[in-house]
Amino acid sequence: MRVLLMAYGSRGDIVPLAGLAARLRSLGAQVRVCAPPDREFAELLAGVGAELVPFGRDVRALRTGAPPSDAAGFAAELVAAHFETVGKAAEGCDVIVASGLMPAGARSVAEKLGIRYVYAGFHPFEMPSAHYLPSPRPGPQAPADMTDHQALWDLDAQKVDALYLQPLNAHREAIGLAPVDNVRDHVLTERPWLAVDPVLGPWQELTDLDVVQTGAWILPDERPLPADLEAFLDAGTPPVYVGFGSMPLSADDDIARTTVEAARAQGRRVLVSRGWADLGLIDDADDCFAVGDVNHQALFPRVAAVVHHGGAGTTTNAARAGAPQVVVPQFVDQPHWAARVADLGIGAAHDGPTPTFASLSAALRTALSPETEARAKAVAGTVRTDGAEVAAKLLLDTGQEAPMSRERISAIAHADHPIKSPLDDDSVNRLLAHGLPRGDERVLDLGCGTAEWLLRALAPRPELRAEGVDVSEVALAQARRAAGELGVGERLVLHRQEAADFGSPEPYDLVISVGATHAFGGLLPTLAAAREHLAPGGRVLIGESFWDRAPSPEAVEMFGELDDLATTVDRVVADGWTPVHGHVSTRAELDAYEWACWGSLASWALDHPDDPASAQVRETATAQRSQWLHGYRDSFGFLCLVLRRTER
């Protein structure tokens, strides 16, 4: 198999490609890499035996010199290189893996050649999300009163289009392809890959995209440390390392002095990495040493702490080594990595890109504490090292894509039936009316998913307040967007955690759990959990399956040992509850739900024939429809009850 890897970016974009290239070659693939013409990148890729096809300008010269004065002109220059240099390099290849600075033309090249295209990111923060803001781009600034995340991400797409859309569509037209209308989403695709360690970056659920998280693409480094560095390390206690990689830091020439003085104040020696900022020593004292490009995998286990900019690669290497970190973020993804390091307890996040002696001293005290050191060592053992192998096998194993996640399949299946239970709108509204007799209650939904029950409760009741709990960040993100569109976002609080672990100091007037009793281990355990959250006189709205008729063995295998309707209600009553309203789903409701789910999946597969997951989705729709029609349609029932406590 012949693979083309491409990225325009700095060292943090090229080293992961080298890691993937090395693993692909070890598995027998032919690998070609399109990367900037910097000498260090050529040497890096030569070291893994990958063919380099240089394109674009020298990145180090761009980063350390004056930036391009014409952002749109530079974008057009890159797009031209995608179609010309990258396009020629892609001839004869089976797949293009694109990353780095907006590879706007790579997907078009793959489309023209009829080969597979994969977008891979080394952080998720260019992917639209309700949980973080887009990074700055050239273009008009957002109005001061624009705070809605969706609006800001829409503006981000407009900025990308302003830079890339015209040259992209001009090149597409020249090769006979139809125009695109959203460059960013076209580049990302619906299923981007995320080459990030899942412990350090468990963020794939923060976006509606169906992210495939492979783990970080780590290039094993076997280089020995220089003899003079070994001598310095052996001559005293472990030093504090400070390095900012490919960050030029042109506005902060004193960062080396600040770091050295802050580390000395903690009684530590210092190791200064020159990097692209060309940092150096501040005096000739023997407690400091300066190095160039060295093996971080060998060095970081021997330092007391790592002070760095928060690049994905440095963060991962320090975490693998068990070295406490101080992250001084400069831009883009780096503030997010800083926050993650702090959240994990493996270091400190500096507030802002320009440290002072006082601010860096405080961060170092946190990083050098025994608690942080112990935590960093504990987390080190959880960081995966097989990301490049996972990605390589996804590319090489008969060219198959990673399977679509169950969450994504569920979202497609329920697109036309957002109440994920066999209930029509009238039934839902009647159940809510019986559960919310006043209209000003506090409501909790345990296992809320996309919070459809809560949204329908909130919309017509302006005095109502609601909270939802679910483990799916994708579902919760969808719920937040929908709440904003309905104008009820200020009255809805969503919690991402296991419903069984949720606690609140204030009780609720209505607790909902429809179709989610599996999260608690069954019907009665769910009622026990609801009881803990219920205010005096409050109500529970619960939905549960039952056998309407004797089930087939296949149906029992699918759903387990359910009770019949009468036994289900009797168990609830015996547990201390009184039904004040109930609804048994009709045959029409049951059938409508099943047709909607499997029909939506089938339609998606037919509408996306070129998507790598199309066959999987179609097969899922076919199998589920068959199981319903042949396995449980004549026996399955669904019951919703509105309950009050019998015992006072």
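A residue is called buried under 20% relative accessible area, exposed over 50% and partly exposed in between (1.4 Å probe, protein chains only). By this criterion Phe 636 is buried, with a relative accessible area of 10%.

The model is predicted; local features need pLDDT of at least 70, side-chain atom pairs count only at pLDDT 80 or more, and totals for chains, interfaces and linings use all residues. Residues are numbered from 1 along each chain as its sequence is written, and side-chain values use heavy atoms, with hydrogens and water left out.

**Overall architecture**

The protein has 24 helices and 20 strands, where helices (H or I, at least four residues) and strands (E, at least two) are DSSP runs numbered from the N terminus. The radius of gyration is 28 Å, close to the 26 Å that the globule rule gives for 648 residues, so the protein is as compact as a globular protein of that length. That radius is taken over C-alpha atoms, and the globule rule is 2.2 Å times the number of residues to the power 0.38. Along the principal axes, the C-alpha atoms fill a box of roughly 85 × 60 × 50 Å. Buried residues account for 52% of the 648 residues. Of the contacts (heavy atoms within 4.5 Å) between residues at least 6 apart in sequence, 68% join residues at least 24 apart.

**Aromatic pairs**

The structure holds 12 aromatic pairs. Rings of Phe, Tyr and Trp (its six-membered ring) pair if their centres lie within 6.5 Å; planes under 30 degrees apart count as stacked, over 60 as edge-to-face and the rest as tilted. One of the pairs, Phe 559 with Phe 636, is tilted, at 4.8 Å centre to centre and 35° between the planes. Phe 559 belongs to helix H21 (residues 553-559) and Phe 636 to strand S20 (residues 636-645), so this pair ties together parts that are 77 residues apart in sequence. Phe 559 is partly exposed, at 31% relative accessible area. Trp 595 and Trp 628 form an edge-to-face pair, because their planes stand at 90° with the ring centres 4.9 Å apart. Here helix H23 (residues 587-607) contributes Trp 595 and helix H24 (residues 614-632) contributes Trp 628, 33 residues apart. Trp 595 is partly exposed at 48% relative accessibility, whereas Trp 628 is buried at 2%. Ring pairs also link Trp 547, Phe 559, Tyr 632 and Phe 636 into a cluster.

Charges over rings are found as well (NZ of Lys or CZ of Arg within 6 Å of the ring centre and within 35 degrees of the ring normal). The charged end of Arg 269 sits over the ring of Phe 232, 4.2 Å from its centre, and Arg 645 lies over the face of Trp 577 at 5.4 Å from the ring centre.

**Salt bridges**

A search of the whole structure finds 33 salt bridges, each a side-chain nitrogen of Lys or Arg within 4 Å of a carboxyl oxygen of Asp or Glu. The table includes three.

| Salt bridge | N to O distance |
|---|---|
| Glu 111 and Arg 172 | 3.1 Å |
| Asp 283 and Arg 264 | 2.9 Å |
| Asp 287 and Arg 264 | 2.8 Å |

Arg 264 lies in helix H9 and Asp 287 in the loop between S9 and S10, so their bridge ties together parts 23 residues apart in sequence. Asp 287 is buried, at 18% relative accessible area, while Arg 264 is partly exposed, at 27%. Asp 283 is partly exposed, at 31% relative accessibility. Arg 172 is buried at 3% relative accessibility, whereas Glu 111 is partly exposed at 41%. Elsewhere, a network of salt bridges links Arg 11, Glu 40, Arg 60, Asp 221, Arg 223 and Asp 293.
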